[in-house]
Amino acid sequence: MSLEIYPVVHVTSVDQARAQSNLALESGADGVYLISHGLVNSRGLLHTLNKVSSDNPQSFVGINLLHGGGAYQQQTLMNALTNGEIDQYPDGLWVDDATIEKEVFLEQRKNNPELSRIKYLGGTAFKYTYNFTDDPHKAGRLAREASSYVDVVTTSGEETGSAPNLAKIASMKQSIGEQRLAVASGISVENIEKYMNLADEVLVSTSIEIRPYSGVFRVSALKEIIKKAHQD
């Protein structure tokens, strides 16, 4: 079974993000996610989203604003659209902790049906959050709970660049059945095949960058991991 693969572009500038997003999409990625670890602020990241989406109108472009949970990030997107900072909503919204203000998040979606078109990747048993766990049984329970209000249950290993153990991923997938499961840390050319029959989507950055958080992909690694992800 093939995996959908989404390179994560660490944004350092608009031009850099546009170039790296175009490279990933031209190499066959299923889409890209934009994120910043402080080199551009939220407003700059939204401006970048606008440019990358405009460059690639037929491609999937998602975002993680990092600050706050789903409700805060979703409200930021609503404000940006109202103020003309973005021309349209992103295709995907990825947050590290789906449990933060989840009731507010769901109310926002209820009151604004357009938001439901954004694929929501909700962090579950995710690194650096209160609910992180590597325990398969606990992770499975958390995945089952999250599956009622996220589109894609999204998890990780213990830290950036650390792959989650296979038993955790297997338990989470078993708990949610046909619902989609994404892995967002530690996947590389060397280990991606181990996750082929367990996860549905992979978000990847560290293992394919010239150095962590550089925002620049190693072309050979990028193309190889896409090829491996898409093999049946």
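Reader: What caps the N-terminal end of H5?
Author: In this predicted model, Asp135 caps that end of H5, with a side-chain oxygen placed 3.2 Å from the backbone nitrogen of His137.

Reader: And which residues of H5 are buried?
Author: Helix H5 covers residues 136-146, and its buried residues are Ala139, Gly140, Leu142, Ala143 and Ala146. Viewed down the axis of H5, these buried residues fall within an arc of 165°, so they line one face of the helix.

Reader: What do the buried residues of H5 pack against?
Author: They pack against strand E6, which is residues 152-155, and against helix H6, residues 166-176.

Reader: Staying with H6, at what angle do the two axes cross?
Author: The axes of H5 and H6 cross at roughly 35° and come within 8 Å, and H5 passes H6 in a right-handed crossing. On the H5 side, the residues that meet H6 are Pro136, His137, Ala139, Gly140, Ala143 and Arg144, while H6 contributes Ala167, Lys168, Ser171, Met172, Ser175 and Ile176. By class, the residues of this contact of H5 with H6 divide into six nonpolar, four polar and two charged.

Reader: What about the loop between H5 and E6, is Ser148 buried or exposed there?
Author: Ser148 lies in that loop between H5 and E6, and it counts as exposed because its relative accessibility is 63%, where exposed means over 50%. A polar atom of the Ser148 side chain lies 3.0 Å from the backbone oxygen of Glu145. Ser148 and Gln179 are 31 residues apart along the chain, and their C-alpha atoms are separated by 9.8 Å.

Reader: Switching to the other end of the chain, how do H1 and H2 pack?
Author: Helix H1, residues 14-26, packs with H2 at an angle of about 35°, the axes being 9 Å apart, and their crossing is right-handed. Val14, Ala17, Arg18, Ser21 and Asn22 in H1 meet His47, Thr48, Lys51, Val52 and Asp55 in H2. The residues of this contact of H1 with H2 divide into three nonpolar, four polar and three charged.

Reader: Which residues make the contact between H3 and H4?
Author: Helix H3, residues 70-82, and helix H4, residues 102-111, pack at an angle of about 35° with their axes 7 Å apart. The contact is made by Gly70, Ala71, Gln74, Gln75 and Met78 of H3 together with Val104, Phe105, Gln108 and Arg109 of H4. The contact of H3 with H4 has four nonpolar, four polar and one charged residues.

Reader: Now H7, where do its buried residues sit around the axis?
Author: The buried residues of H7, the helix of residues 219-229, are Ala221, Leu222, Ile225, Ile226 and Ala229. They cover an arc of only 130° around the axis, which puts them on the same side of H7. The face turned away from that buried side carries the exposed residues Ser220 and Lys227. As for partners, the buried residues of H7 pack against strand E1 (4-10), H1 and E8.

Reader: One last topic, backbone angles: what is phi at Ala125?
Author: Phi of Ala125 is near 50°, a positive value in a residue other than glycine. Most residues other than glycine have a negative phi. Ala125 has its place in the loop between strand E5 (119-123) and H5, and is buried with a relative accessible area of 3%.

Reader: And what is phi at Tyr213?
Author: Tyr213 has a positive phi of about 70° although it is not a glycine. Tyr213 is placed in the loop between E8 and H7, and at 37% relative accessibility it counts as partly exposed.

Methods: Residues numbered from 1 in each chain as written. Predicted model: local features only at pLDDT ≥ 70, side-chain atom pairs only at ≥ 80, totals over all residues. Heavy atoms only, no water. Buried < 20%, exposed > 50% of the residue type's maximum accessible area, 1.4 Å probe, protein only. Helix = DSSP H or I, 4+ residues; strand = E, 2+ residues; numbered from the N terminus. Arc of directions from axis to C-beta. Contact = heavy atoms within 4.5 Å. Polar contact = N/O pair within 3.5 Å; in protein donor to acceptor, adjacent residues only side chain to side chain. Axes fitted to C-alpha atoms, helices over the stretch in contact; angles between N-to-C directions. Left-handed = near helix turned anticlockwise from the far one by under 90°. Nonpolar A, V, L, I, M, F, W, Y, C, P; charged D, E, K, R; others polar.
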